[in-house]
Amino acid sequence: MKIVEYNESNRVMFEKLFEEYFIDELKIDNLAEGEFESIFGSISQHVKEGICFLDLLMIDGSVKGFINYQVDSERSNWCIKEGHGCIRELYIMPDFRKFGYGKELVVHAEKRLMGLSVSAIYLTSEANATSFWAKMGYRDMDEICARNNQPIFEKEV
């Protein structure tokens, strides 16, 4: 197992996983033609511009998960708490869950964000993942994110 930064050499592998994530996890399979490519392209562009980070979980040479995170700024299309770290997406393929890989990705992202001098990291979470985030030290802020109607969790670092 290793964690690597997204780049052009692993783009095709990640794109396939990201599409599976959209269909299987987010239950979004009815995008208009070209819409998935547009979303994927936007993420790639934000990574290239340094607006956000995208790190991949590699197991036996294949991408099995990812974490997308950033320091909130007006440059991002998702900025709720300017200057805070934000975990935008975390995904581990179902067959690779419960082995600590999600924790590894989160700790990796937290270290990188702390190196960028954030004082806190926040995220939004679906109900089925709230116990994971609580175990990782994130607390429910009793706020609902207006952008996705999910509760906001935060951790001071």
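Predicted model: local features only at pLDDT ≥ 70, side-chain atom pairs only at ≥ 80, totals over all residues.
We may begin with the strands. Strand S3, residues 62-71, runs antiparallel to strand S4, residues 85-92, and seven bridges join the pair. Within this pairing, Asn-68 has Glu-89 of S4 as its bridge partner. S4 also pairs with strand S5, residues 120-124, this time in the parallel sense and over three bridges. Here Gly-85 finds its bridge partner in Ile-121 of S5.

Turning to the helices, Glu-20 sits in helix H1, which spans residues 11-25. Its relative accessible area is 26%, so Glu-20 counts as partly exposed, a class that lies between the 20% and 50% cut-offs. Beyond its neighbours within four places in sequence, Glu-20 makes contact with Glu-25 and Met-93. Met-93 is 73 residues away from Glu-20 in sequence, yet their C-alpha atoms are 8.9 Å apart in space.

The largest pocket holds about 1,500 Å³ of space. Its lining comprises 47 residues, of which Tyr-21, Arg-88, Glu-89, Leu-90 and Tyr-91 are the closest to the centre. Two or more lining residues come from each of H1, helix H2 (35-48), S3, S4, H3, S5 and helix H4 (130-135). S4 gives the largest share, with seven residues. Sorted by class, the lining consists of 26 nonpolar, twelve polar and nine charged residues.

Key
Residues numbered from 1 in each chain as written. Heavy atoms only, no water. Pairing = 2+ DSSP bridges. Helix = DSSP H or I, 4+ residues; strand = E, 2+ residues; numbered from the N terminus. Buried < 20%, exposed > 50% of the residue type's maximum accessible area, 1.4 Å probe, protein only. Contact = heavy atoms within 4.5 Å. 1 Å grid on protein atoms, 1.4 Å probe; cavity = no way out; pocket = protein on both sides within 12 Å on 5 of 7 lines; lining within 4 Å. Points joined across faces, edges and corners; volume = space filled by probe spheres on them. Nonpolar A, V, L, I, M, F, W, Y, C, P; charged D, E, K, R; others polar.
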